[in-house]
Amino acid sequence: MQYKTVVPGRFLARPNRFIAQVEAEGSVRTVHVKNTGRCRELLTPGAAVYLEKSANPKRKTAYDLIAVRKGDLLVNMDAQAPNQVFAEWLEPRLPQGAVLRREYVYGDSRLDFCVEGPQGLYLMEVKGVTLEEGGAARFPDAPTERGVKHIRELQKAAEAGLGAALFFVVQMEGMKSVAPNDETHPAFGAALREAAAAGVRVCAYDCAVTPESLAIRREVPVLL
């Protein structure tokens, strides 16, 4: 996926989950943060960030914060990007006659994707990963009851004989592994391991990241 008009900036503060104060283009600007997660290890005072300028002149915030540098690592932190890059990556790989459905309702959840094909339904949930520790990625960076619910629905689908998978899209390059963040949300890790044992496929891919783009790069081992 490609962003349009991207400008560099310097992170100053984050008054709440939705906005940040960033020095960019010669002044301090209030920008929209496209990630409601904590991101505390990323958004540190003075961090180099990248903003996408909105084409809508009526918006209250003229910029979206989409990426940040953490040392030598460039991290895309746009929470909407993982689904988009995953769909771009998956669609050319679909079997002949298969159709990719988005926001697919199954049970009590709305899952990110469903592939409808000759072999039946294959349900998929995508999780974007921005937390890195020592060259390894971890998810989540904050408790996510919604994430646990989605895993339970995938497990029910697998137990009912359907295809089911959870994909971690790691929004940075070069991670040696991905693992559940048991310290932050042990219930997520427990649910993920139980679902994997029940037949849910769990896999991860890292991304090639530039300030202007994001693309799935290669598979990364998942440590359960």
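Cys 207 is buried, with a relative accessible area of 0% (buried means under 20%, using a 1.4 Å probe and protein chains only). This is a predicted model, in which local features need pLDDT of at least 70, side-chain atom pairs count only at pLDDT 80 or more, and totals for chains, interfaces and linings use all residues. Residues are numbered from 1 along each chain as its sequence is written, and side-chain values use heavy atoms, with hydrogens and water left out.

**Cysteines**
- The structure holds zero disulfides, a disulfide being a pair of cysteine sulfur atoms within 2.5 Å.
- For Cys 207, the nearest cysteine sulfur belongs to Cys 203, 13 Å away.
- Cys 114 is likewise in no disulfide, and the sulfur of Cys 203, the nearest to it, is 16 Å away.
- Cys 114 is buried too, at a relative accessible area of 0%.

**Helix α2**
- Just after α2, Gly 161 takes a positive phi of about 95 degrees.

**α2 against α3**
- The two helices, α2 and α3, pack at about 10 degrees, with axes 9 Å apart.
- α2 and α3 are therefore roughly parallel, a label for angles under 35 degrees.
- Residues that meet include Ile 151 and Arg 152 in α2 and Phe 188 and Leu 192 in α3.

Definitions and conventions:
Helix = DSSP H or I, 4+ residues; strand = E, 2+ residues; numbered from the N terminus. Axes fitted to C-alpha atoms, helices over the stretch in contact; angles between N-to-C directions. Parallel < 35°, antiparallel > 145°, perpendicular 65-115°, else oblique. Contact = heavy atoms within 4.5 Å. Buried < 20%, exposed > 50% of the residue type's maximum accessible area, 1.4 Å probe, protein only.
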